[in-house]
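Colleague: Please take me through this model one feature at a time. I would like the general idea of each feature, and then the case at hand.

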Amino acid sequence: MKLTRTKGLHGTISIPGDKSISHRSVMFGAIADGTTTIRNFLMGADCLATIDCFRSMGINIEVTDEMVTVHGKGLHGLTKPDKILDVGNSGTTTRLISGILAGQDFDVTLSGDASLNSRPMKRIMTPLNAMGADITSINNNGCAPLLIRGSKIKAFHYDSPVASAQVKSAVLLAGLYGDGPTSVTEPAVSRNHTELMLRSFGADVQCEGKTATIYPPKKLTGQDIVVPGDISSAAYFIVAGLITPDSEITMKHVGINPTRDGLIKVCEAMGADITLSNVNDSGGEPTADITVRTSNLHGTEIGGEIIPTLIDEIPVIALLACFAEGETVIKNAEELKVKESNRIDLMVNNLKRMGADAVATDDGMIIHGGKTLTGISLNCKYDHRIAMTFSIAGINADGEMDIEDAECVDVSYPDFYETLEKLQN
């Protein structure tokens, strides 16, 4: 994908369905009684991997342009797959499905692509195995492929060393099969889509401070779900609208869950012209239309408890900082090193290649804004969030930006480039 400087972005767009909520809606629908319908499902590669895994375990899932329909078989209705479950590049699929599979009465192997199979899984193996699960890393390196032998799950309390929705969710989902309540306490509250959606399916989930507790249900009941637009996908157009001269963009029906809205808070702290309208609350997941306009921005400091609420948006926040006056410091973001790529190094190295004043730190980066960026040729290590971030950089840079592996945006935003082109017309 080749990109050059644009003169302005204008229009109203719809954002693809939230990736986190799309994953969970299929998983919970599969282990619920009855039918679950899902509208605005994200048809990205990661979420399709989740569908394929549950189809391999005997769940009938119908996919049309309008809706995904999951015919659930109940908490104990999954059947042993006749092959390795292929999770593709999806860490969410891997970690959450491990919690569900821990309490089944069959054995299964999970494996993904080379990138997925290099990402850390000990963070879920440790608490799940402490609950009575039997999960081993086949290559004995703490990564997938994982062999999961179905086991009896015990009630458990886990003090998580990281604020991670994937770790928390894996433990809570295993807790569905426990012999008593299971709880997770985090150092900071991570995104809470699992707790909200399990509650809507009929589970008793209690949240107090930084602790979430689940009481094993007799059953879950299928639901009708409308997935809000993914704020992590909206982030690229939020930033594009703020930094591209003569721009105004409105994004419709975007999720603004308080455990995910850190980007909005950061934009406001940097002086952004950002407006939320038509604020709504459907099924516990608040949404809004978000309008952004070209803004004069200033640097800020980002760290502490806000980090889990914007961890996936940090690459594009780093780009935003390049267009802000003064210094922006991002800290407490070590988690970026174990995403689809080492996002700290990949962002800083390539921003510097473009001419930005950016420095990597052990847990984040420091950026001094105001430098003119110049397009480069870039391999994104097949990381969708890096590709979309540098695409927005490319339309605000001198010369030509060449994204070599641009097709990786299909993981979360298959129509990204079409939407970007629409806003330029």
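Modeller: Let's start with P145, which sits in the loop between β8 (134-137) and β9 (146-149). Helices (H or I, at least four residues) and strands (E, at least two) are DSSP runs, numbered from the N terminus. This is a predicted model, in which local features need pLDDT of at least 70 and side-chain atom pairs count only at pLDDT 80 or more, while totals for chains, interfaces and linings use all residues. Residues are numbered from 1 along each chain as its sequence is written, and side-chain values use heavy atoms, with hydrogens and water left out.

Colleague: What kind of peptide bond joins A144 and P145?

Modeller: The bond between A144 and P145 is cis, with omega at about 5°.

Colleague: Which residues have a positive phi although they are not glycines?

Modeller: Two to look at are H253, with a phi of about 50°, and N278, also with a positive phi of about 50°. H253 belongs to strand β15, and N278 to strand β16 (residues 273-282). To read their surroundings, take buried as under 20% relative accessible area, exposed as over 50%, and partly exposed as in between (1.4 Å probe, protein chains only). H253 is partly exposed because its relative accessibility is 33%, whereas N278, at 54%, is exposed.

Colleague: How should I read the nonpolar core, and which members touch the most others?

Modeller: A nonpolar core is a set of buried Ala, Val, Leu, Ile, Met, Phe, Trp, Tyr and Cys residues joined through side-chain atoms within 4.5 Å. The largest one here has 77 residues, and I238, M251, L351, F390, I403 and F416 touch the most other members. Helix α7 (residues 231-243) gives this core its largest share, 10 residues. Apart from this core lies another, of 63 residues, including I59, L110, I124 and A133.

Colleague: What does F416 touch?

Modeller: Contact means heavy atoms within 4.5 Å. Leaving aside residues up to four places away in sequence, F416 touches Y236, F237, M388, S391, I392 and V409.

Colleague: And is T94 buried or exposed?

Modeller: T94, in helix α3 (residues 91-102), is buried, because its relative accessibility is 0%. Its contacts, not counting residues up to four places away in sequence, are V87, L110, L116, M121, I124 and L146.

Colleague: Why is helix α9 (residues 314-322) largely enclosed by the rest of the structure?

Modeller: Nine of the nine residues of α9 are buried, so the helix is largely enclosed. Among them are I314, P315 and C322.

Colleague: How many disulfides does a search of the whole structure find?

Modeller: A disulfide is a covalent bond between the sulfur atoms of two cysteines. With the cut-off for the sulfur pair set at within 2.5 Å, the search finds zero. For C267, the nearest cysteine sulfur, that of C322, is 14 Å away. C267 is buried, at 1% relative accessibility, while C207 is partly exposed, at 44%.

Colleague: Which residues lie nearest the centre of the second largest pocket?

Modeller: P16, G17, N40, F41 and D415 do, out of 21 lining residues. This pocket has a volume of about 350 Å³, and β3 (33-39), β5 (67-73) and β15 (248-255) each supply at least two residues of its lining.

How values were computed:
On a 1 Å grid over the protein atoms alone, a cavity is a set of points where a 1.4 Å probe fits but cannot get out, and a pocket is an open set with protein on both sides within 12 Å along at least five of seven lines; lining residues have an atom within 4 Å of a point. Grid points are joined across faces, edges and corners, and a volume is the space filled by probe spheres set on the points.
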